[in-house]
Amino acid sequence: MTKTVRAILGNYFTTPTYGELAYEEKALILVNEAGMIEEILLSEAVGYEEALATQRAAGHLVELKDQEYLLPGFIDTHIHAPQWPQAGIALDKPLDDWLHQHTFPLEAKYDDVAFARRVYTDLVDQLLTRGTTTALYFATIHKESSFELVKICADKGQRALVGKVVMDCPEGNPDFYRDVSTQQALEDTEAFIQEVRDYGRDVHQGVYPVVMPRFAPSCTAEALQGLGDLAKKYDCHVHTHCSEGQWQHDVTQERFGKSDTEALKDFGLFGPKSVMAHSNFISDEDAQIFMDHDTAVAHCPISNIYFANSVIPIRHLKELGVQVGLGSDISGGFSPSLYDNIRQAVMSSRQLEEGVDRDLAQSERGVDNSRISVLQAFHLATTGGGEALDLPIGQIAKDYTADFQVIDATDLPSFEVFTDPEHELQRILYLADKENIRQVYVQGCLVHEK
Ligand SMILES: [Zn+2]
């Protein structure tokens with residue numbers, strides 16, 4: 001990446017606290033060499049004019065126009081990179097058919113590194129053009145092509161957290177797509193962690209290895225324990241699926257005599273750098289375990305419509321105090337855009353509150369107090385993701401990474417009405433698409449320009 005930003009002048013939106021909007025006009029944001037936000041000078045601040053003049057004279061000030069807005073880069077906390085060619089495919093099938101007839105045969109193809117390179121190159125481009133500056137990726141069981149994904153993200157300037165997937169259980173996994181043995185799966189994971197750590201030392205925006213059992217039902221107890229040990233030994237991120245649908249929830253209960261949450265926690269897989277995808281069926285006791293371990297939920301609202309058998313009560317979990325990020329879950333979810341997922345998070349919460357079966361009395365149809373606002377969903381895609389990953393990302397604030405999307409709102413239908421900042425943000429979150437994303441920066445580097 002050659003083009004970097006050291007100073008940017010413009011209007012920005014950010015949401016440091018769940019449900020609260022911060023909006024500033026003509027703020028001067030100073031970015032240091034490491035790509036961190038060093039200082040934000042508001043227009044009324046002492047020294048603002050002088051600082052502005054200095055930056056202008058130095059010739060490296062990026063100035064936004066009146067109808068342009070800066071948003072934090074989005075953080076996708078659950079995405080299966082190898083499933084990109086499956087986006088939108090076979091979503092009318094039950095989960096078992098979807099996985100066994102489509103997903104597993106597709107993922108098995110990634111023993112071919114050249115194929116992996118083609119798909120991953122396109123996916124990372126597609127995500128950056130949609131404002132996703134950080135992604136927590138499931139790769140496949142193949143160490144080499146998983147590492148290819150790391151390199152592609154590094155080259156294209158996206159911050160990435162990547163795991164070699166572990167699925168070693170002879171039951172439930174097809175012969176053509178599973179780890180050859182538990183020992184090999186653990187050895188490959190450890191080698192992958194070391195290689196990514198080594199390589200990541202020179203990557204400006206950061207790339208991180210992740211300990212990644214596919215989910216409890218696809219792994220032996222020995223593998224789950226081994227992965228928990230590796231997470232501890234290397235102080236590593238952990239990512240897996242937890243209580244996604246009724247089947248996963250029930251099968252773990254039968255196998256271990258405890259909830260998915262308790263089982264994963266007992267194997268050492270819960271911690272501040274752990275993110276559990278979906279988690280639709282976690283109880284309040286499970287939620288307490290999430291909070292006790294600073295572990296986050298990756299909410300995947302589009303995918304959940306297809307495969308999670310329920311709407312997760314995000315508002316309730318946030319009120320309890322659980323950390324929640326947002327995920328596209330390509331390709332259980334068909335859209336690579338977190339804008340689409342922000343919208344679906346709001347819509348699903350409304351359906352949970354109102355209910356969907358018209359034959360029930362209105363008073364029995366829904367779950368009261370379930371709706372979330374688009375501003376709250378925006379928080380999940382930004383600050384919530386940063387909290388989930390335990391990284392200083394997702395906010396436009398001092399000491400956070402300079403990860404921005406420049407939104408050009410000129411062609412959004414304002415007609416000079418509803419022009420206050422909150423309405424302007426609502427309009428962007430509901431109507432903007434990649435055509436409105438003019439530039440994207442990660443850690444101060446320009447990674448996409450329209
Ligand atoms: Zn998933």
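The buried residues of helix 6 pack against strand 8 (159-166), helix 5 (182-200), strand 9 (207-213), strand 10 and helix 7 (246-256). The model is a predicted one. The buried set in this helix comprises A223, L224, G226, L227, G228, L230, A231 and Y234. An α-helix has 3.6 residues a turn, so residues three or four places apart point the same way. Helix 6 runs over residues 221-234, 14 residues in total. From first C-alpha to last, the helix spans 20 Å, close to the 20 Å expected at 1.5 Å a residue.

The zinc ion takes its protein donors from H78 (NE2), H80 (NE2), H241 (NE2) and D329 (OD). Donor distances run from 2.1 to 2.8 Å. The arrangement is irregular because the four donor atoms subtend angles of 78 to 174° around the zinc ion. For a tetrahedral assignment, all angles would have to lie between 85 and 135 degrees. Ideal angles are 109.5 degrees for four tetrahedral donors. Along the sequence, the donor spacing reads H-x1-H-x160-H-x87-D.

T134 sits in strand 7 (residues 132-138). Its relative accessible area is 0%, so T134 is buried. The T134 side chain forms a polar contact with the side chain of R159, at 2.8 Å. Beyond neighbours within four places in sequence, T134 contacts F74, I75, D76, Q158, R159, L161, L389, I393 and D403.

The cysteines were examined next. The structure contains zero disulfides. C169 is in no disulfide, and its nearest cysteine sulfur, that of C219, is 7.6 Å away. A disulfide requires cysteine sulfur atoms within 2.5 Å. The sulfur of C219 has that of C169 as its closest cysteine sulfur, and the 7.6 Å separation is therefore too far for a bond. C169 counts as buried because its relative accessibility is 8%. C219 is likewise buried, with a relative accessible area of 0%.

Terms used. Residues numbered from 1 in each chain as written. Predicted model: local features only at pLDDT ≥ 70, side-chain atom pairs only at ≥ 80, totals over all residues. Heavy atoms only, no water. Donors = N, O, S within 2.8 Å, 3.2 Å for Na, K, Ca; no water. Tetrahedral: all angles 85-135°; square planar, octahedral: opposite > 155°, others 65-115°. Helix = DSSP H or I, 4+ residues; strand = E, 2+ residues; numbered from the N terminus. Expected span 1.5 Å × (residues − 1). Buried < 20%, exposed > 50% of the residue type's maximum accessible area, 1.4 Å probe, protein only. Contact = heavy atoms within 4.5 Å. Polar contact = N/O pair within 3.5 Å; in protein donor to acceptor, adjacent residues only side chain to side chain.
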